[in-house]
Structures are given as C-alpha cells and as structure tokens.
Amino acid sequence: MASVRSHDNIKMMTYSEVAEISGYVGNFKVKIRRKPRYVDEDKCTGCGVCQEKCPFKADNAFDEGLGERKAIYTPFPQAVPNVPVIDPEHCAYLIRNKCGACLKFCEAKAIDFEQQEKIVEVEAGSIIVTTGFDSLDPTPMVHYGYGRYDNVYTGLQFERMSNASGPTSGKLLLKDGSQPKSVAMLHCVGSRDNNYHEYCSRVCCMYSLKFSHIVREKIPDAEIYQFYIDLRCFGKGYEEFYNRLQEEGVNFVRGRAAEVTHVAESQAEEGKLIVLCEDTLIGRQRRIPVDMVVLGTALEARADAGETARLLSLSRSADGFF
C-alpha cells in the first residue's frame with residue numbers, strides 16, 4: 001500500500017467512490033465522489049493526538065465489532081495514508097456543535113470541519129474492477145446461535161481476537177474473561193448449502209485448520225473439534241498441515257453441525273455450548289459440549305455488487321459475482 005501511494009504514476013484516492021462512468025473503451029470519463037474526512041491530508045502528520053484526546057467511541061468495524069475506536073480514527077495501524085477520518089455519525093461537534101477536542105489539540109491545524117463532498121472527474125483508457133467480497137452474516141442461521149449466545153464467533157472475529165493488535169491483544173478469551181478449555185470449528189456455514197450458497201468458498205477449510213493450530217499454540221491443553229463435510233486441502237503443503245494437526249491431537253468429526261444450543265441434558269453440559277451433529281464415520285448422533293464456537297462462514301458477492309454492475313454495465317452470474 002505504501003509503495004502504491006508513493007508511486008509517481010499512481011494517484012490513490014481513499015475514502016472515495018465511483019459515482020458515474022461515461023464514454024467508451026480507451027476514452028472513459030469517470031466521476032469520483034470524494035467524501036469529506038474533515039482532516040486535511042496535506043497538513044496531517046499522523047501523530048495520533050486527536051485520537052487520544054477524542055472522548056467519543058463507536059464499534060470498530062475492522063475488529064468486527066469486538067472492540068471500539070474513537071469518533072476520529074484510522075481504520076487500522078498500517079492504513080495508507082496515515083491520516084484519520086472523522087465519523088459524522090459519532091462526532092459530537094458535527095452532530096451538536098459541541099466538544100472540538102481534536103480541533104483544540106491538533107498542533108498541525110489539520111482538522112477542518114468545513115470540508116464538503118467533492119466530485120472529481122478523471123479520464124481513463126481502461127477500468128479494472130477489483131471490488132472483493134463479503135463474509136456471510138450468519139445471524140439468520142439461528143440454529144448456530146450467532147448473535148443469540150455468547151462465545152459464538154465468525155472466522156473473521158476469531159482472526160481479530162487472535163491477532164496481537166486485536167481487541168484482546170492476541171489472547172483467546174470468553175465473554176467472562178476466562179480462557180476456553182474447548183473450541184469447536186464449524187465448516188461450510190453458508191457454503192455448499194442449497195439454502196444459501198451452493199458453491200464451495202475454498203478458503204474455509206484451511207483457515208479453520210489454521211485456527212486449530214493457533215488455539216493449540218495459545219492454549220496447549222484445549223480440546224479442539226473440527227466439524228467438516230470433507231476437507232479440501234488443495235494447495236502446496238496443505239495436506240501436510242492437515243496431517244500435522246492430527247498429530248497435535250485435534251479431533252476431526254466428519255459431519256455438518258446441525259445445531260448449536262445451550263440447553264444442557266447432563267451435568268457435564270451445564271454452562272456450555274453444545275454442538276449437535278451426526279458423525280458419519282461412526283453413524284451416530286453426537287452432542288459435544290464446548291466453551292467457544294467458531295463459524296467458517298461462506299464468502300459471497302459484496303452487498304453493493306448489483307449497484308456496481310449497473311454502474312459499469314457488467315453481467316453477474318446466479319451466485320452474484322461478476
């Protein structure tokens with residue numbers, strides 16, 4: 001990102017979006033909407049004092065809602081450019097004309113509450129569309145308990161929790177602040193599913209296996225369960241990594257998890273999350289109590305992919321991708 005920003009022939013426009021495209025191949029005219037960040041990029045030194053002094057907080061989207069950030073913030077520590085943006089939905093100065101702590105403490109005088117949205121027009125010969133994808137929101141899949149029970153997380157939330165710069169400084173913690181003694185990884189949540197996405201999302205097997213290794217490193221005596229349909233370890237060294245986890249004592253249960261519940265049927269299940277599944281290798285229904293559940297959610301087309309398709313006159317397949 002830093003190399004791109006410093007390149008003489010590349011102009012990076014962050015906090016901006018394409019508003020309109022006209023013309024034809026070799027001669028496009030593109031209107032770009034540049035949103036006001038209320039911070040002057042040329043004056044800002046990236047010192048971070050404004051963020052330290054800001055008294056207002058909001059959920060941190062980069063930490064998947066597990067942590068908080070200030071009303072003036074940079075999305076993550078390595079963001080390029082290293083210039084914060086003020087969130088108009090949580091800034092007291094923009095909402096009620098009160099506070100102004102960032103304005104007061106900014107020595108570079110970079111705070112500018114008078115900034116307005118701008119439309120910039122550029123000419124281009126070609127357009128490359130790389131809009132990425134979203135991770136499926138498992139909330140509607142009520143049988144997995146996401147959003148209803150504590151300690152049920154998506155893969156991205158677990159990724160942020162296990163990261164040293166994340167909301168728990170890399171510690172794997174339950175809602176009560178204790179370490180989990182048992183963790184379940186559920187594969188194919190929304191993938192290979194006629195009710196959601198029929199396709200395989202391709203990355204979930206390997207990141208779920210990676211999470212098992214992370215849990216084993218951080219909590220050596222934890223019980224770890226992998227609930228899978230079949231493992232698709234397709235890349236160089238991937239099958240070897242799977243074999244390594246078996247040697248590390250990870251429990252592999254062949255069968256899609258049917259439900260996650262907190263209704264205990266024995267003393268051993270009290271206070272636990274119980275994963276219900278059919279283990280197809282032994283042909284039995286099983287109830288496995290754990291402290292934490294991590295959902296390997298599907299990758300899907302971005303929520304605004306339809307709008308982008310109309311803007312660029314692109315076609316999409318039935319799964320929503322271009």
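## The parallel sheet

Tyrosine 228 stands opposite arginine 254 in strand E12, where strands (E, at least two residues) and helices (H or I, at least four residues) are DSSP runs numbered from the N terminus. Strand E11, residues 223–228, runs parallel to E12 and is joined to E12 by 4 bridges; two strands are said to pair if DSSP finds at least two bridges between them. The structure is a predicted model, in which local features need pLDDT of at least 70 and side-chain atom pairs count only at pLDDT 80 or more, while totals for chains, interfaces and linings use all residues. Residues are numbered from 1 along each chain as its sequence is written, and side-chain values use heavy atoms, with hydrogens and water left out.

E11 and E12 belong to an open sheet of 5 strands with parallel pairing, in the order E9-E16-E10-E11-E12. The edge strands are E9 (152–154) and E12 (251–254), each of which pairs on one side only. On average, neighbouring strands of this sheet are turned by 20° against each other, direction ignored. Helix H5 (residues 155–162) packs on the sheet, touching E9 and strand E16 (292–297), and its direction makes about 95° with that of E9; axes are lines fitted to C-alpha atoms, for helices over the stretch in contact, and angles run from 0 to 180 degrees between N-to-C directions.

## The antiparallel sheet

Strands of a sheet pair through backbone hydrogen bonds, either parallel or antiparallel. An open sheet with antiparallel pairing is formed by 3 strands in the order E13-E14-E15. Strand E13 (257–261) and strand E15 (284–290) are at its edges with a single partner strand each, so one side of each has no neighbour in the sheet. Strand E14, residues 273–279, pairs with E15 over 7 bridges in the antiparallel sense, and aspartate 279 stands opposite arginine 284 in E15.

## Helix H8 and threonine 308

Threonine 308 has its place in helix H8, residues 305–312, and counts as buried at 15% relative accessibility; buried means under 20% relative accessible area, exposed over 50%, and partly exposed in between, with a 1.4 Å probe and protein chains only. The buried residues of H8 are Ala305, Gly306, Thr308 and Ala309. Seen down the helix axis, these buried residues fall within an arc of 160°, so they line one face of H8; the arc is that of the directions from the helix axis to the C-beta atoms. The face turned away from that buried side carries the exposed residues Glu307 and Arg310.

Apart from residues up to four places away in sequence, threonine 308 touches Thr131 and Phe322, contact meaning heavy atoms within 4.5 Å. After H8 comes serine 313, whose phi is positive, near 55°.

## Histidine 213 and the cysteines

Histidine 213 lies in helix H6, residues 204–218, and is buried, with a relative accessible area of 15%. Leaving aside neighbours within four places in sequence, histidine 213 is in contact with Phe241, Arg244, Leu245 and Glu248. The side chains of histidine 213 and glutamate 248 are joined by a polar contact of 3.2 Å, a polar contact being a pair of N or O atoms within 3.5 Å; within protein, one must be able to donate a hydrogen and the other to accept it, and residues adjacent in sequence count only if both atoms are side-chain atoms.

A search of the whole structure finds 0 disulfides, a disulfide being a pair of cysteine sulfur atoms within 2.5 Å. The closest cysteine sulfur to that of cysteine 50 is in cysteine 47, at 6.2 Å, too far for a bond. For cysteine 102, the closest cysteine sulfur is in cysteine 91, and the 5.9 Å between the two is also too far for a bond.
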